[in-house]
Amino acid sequence: PENNPVEWELKELRSHVLLESDEGFETTRRWTGNWILDSAESVSPPTCMYACPAAVSRDNDCVLTLLADLPVELGDQAQCQLWYDLRPGFDYLYLEASTDGLNWSTLAGSHTTEADPNGLNAGYGITGNSSGAWEPVSWPLDSYLDQRIWLRLRLQYSDRSDYLGARVDDFSPTAEWQESLSHTHVIQQQEAIVSSLEDVAWQVR
């Protein structure tokens with residue numbers, strides 16, 4: 001049976017604040033997606049974010065999107081601590097950027113590869129494993145200089161379930177909207193898009 005939405009919610013978001021890092025991921029209010037908070041392993045307690053292929057439908061990737069956009073200045077880079085166990089040449093972890101929240105491009109980074117032995121690498125992906133250790137990973141943002149971008153982590157995985165996925169901690173930079181005002185109304189239509197300016201954004205869902 002269809003499960004159509006019955007109302008929309010409009011959020012006006014204000015007070016955009018840039019943050020140095022998301023250490024310990026104590027809250028998920030800055031992120032949205034199907035990664036999960038994991039307290040078993042982290043660099044900065046109490047938690048990290050975990051992309052667990054076994055926890056989501058095989059029809060879906062594991063996606064973690066930063067809710068607030070970021071202004072890019074000269075020399076900026078995204079960086080984090082990363083632990084990963086991925087099927088080599090089949091499973092890939094990407095950091096992706098978007099200027100409109102709709103169209104995403106993979107970013108080249110310190111651990112990415114363009115090698116595509118099985119036709120599954122969507123661009124600049126991380127594959128293989130980190131030998132059971134956390135590794136510092138970075139992605140230059142120079143190609144988006146003087147623009148505002150959204151960032152997301154996406155784990156694209158194959159049908160094999162005996163690999164453990166990826167964990168991320170101490171992600172930087174991040175941002176958040178510190179104020180919001182919500183309105184709801186009965187609707188006949190599904191989700192709409194996030195629109196953002198420098199000091200205010202609107203989110204409809």
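Is Ser131 buried or exposed? Please start there and then carry on through the rest of the chain.

Reply: Bear in mind that this is a predicted model. Ser131 counts as exposed, because its relative accessibility is 67% and the cut-off for exposed is over 50%. You'll find Ser131 in the loop between strand E9 (105–106) and strand E10 (135–140). Its backbone is worth a look too: phi is positive, about 55°, although Ser131 is not a glycine.

Asp146 sits in the loop between E10 and strand E11 (148–156). With a relative accessible area of 68%, Asp146 is exposed.

While we're on the backbone, have a look at two prolines. The peptide bond from Pro45 to Pro46 is cis, with omega near 20°, and Pro46 belongs to the loop between strand E3 (36–38) and strand E4 (48–51). The bond from Ser172 to Pro173 is cis as well, with omega near -5°. Pro173 is in the loop between E12 and strand E13 (174–186).

Now zoom out to the whole chain. There are zero helices and 15 strands. Of the 205 residues, 41% are buried. Take the contacts between residues at least 6 apart in sequence: 80% of them join residues at least 24 apart. The accessible surface comes to about 10900 Å², with 46% of it belonging to carbon and sulfur atoms.

Asp85 is buried but has no salt bridge, and the nearest side chain of opposite charge, Arg167, is 8.3 Å away. What the Asp85 side chain does reach is the backbone nitrogen of Leu164, at 3.0 Å. Leaving out residues up to four places away in sequence, Asp85 touches Gly128, Asn129, Asp162, Tyr163, Leu164 and Gly165.

Gly165 has a relative accessible area of 1%, so it is buried. Besides Asp85, its contacts beyond four places in sequence include Ala51, Pro53, Trp83, Tyr84, Leu86 and Leu155. The C-alpha atoms of Gly165 and Arg87 are 8.9 Å apart, although 78 residues separate the two along the chain.

Last stop, the aromatics. A search of the whole structure turns up two aromatic pairs. Trp31 and Phe171 form an edge-to-face pair, at 5.2 Å centre to centre and with 90° between the planes. Trp31 is in strand E2 (residues 31–33) and Phe171 in strand E12 (residues 165–172), so this pair ties together parts that are 140 residues apart in sequence. Both Trp31 and Phe171 are buried. Tyr92 and Tyr94 also pair up: their ring centres are 6.3 Å apart and their planes are at 20°, so the pair is stacked. Tyr92 counts as buried because its relative accessibility is 1%, and Tyr94 counts as buried at 0%.

Technical notes. Residues are numbered from 1 along each chain as its sequence is written. This is a predicted model: local features need pLDDT of at least 70, side-chain atom pairs count only at pLDDT 80 or more; totals for chains, interfaces and linings use all residues. Side-chain values use heavy atoms; hydrogens and water are left out. Buried means under 20% relative accessible area, exposed over 50%, partly exposed in between (1.4 Å probe, protein chains only). Lys and Arg count as positive and Asp and Glu as negative; His and the chain ends are not counted. A salt bridge is a side-chain nitrogen of Lys or Arg within 4 Å of a carboxyl oxygen of Asp or Glu. A polar contact is a pair of N or O atoms within 3.5 Å; within protein, one must be able to donate a hydrogen and the other to accept it, and residues adjacent in sequence count only if both atoms are side-chain atoms. Contact means heavy atoms within 4.5 Å. Helices (H or I, at least four residues) and strands (E, at least two) are DSSP runs, numbered from the N terminus. Accessible areas come from the Shrake-Rupley method with a 1.4 Å probe; for residues, only the protein chains shown count as cover. Rings of Phe, Tyr and Trp (its six-membered ring) pair if their centres lie within 6.5 Å; planes under 30 degrees apart count as stacked, over 60 as edge-to-face and the rest as tilted.
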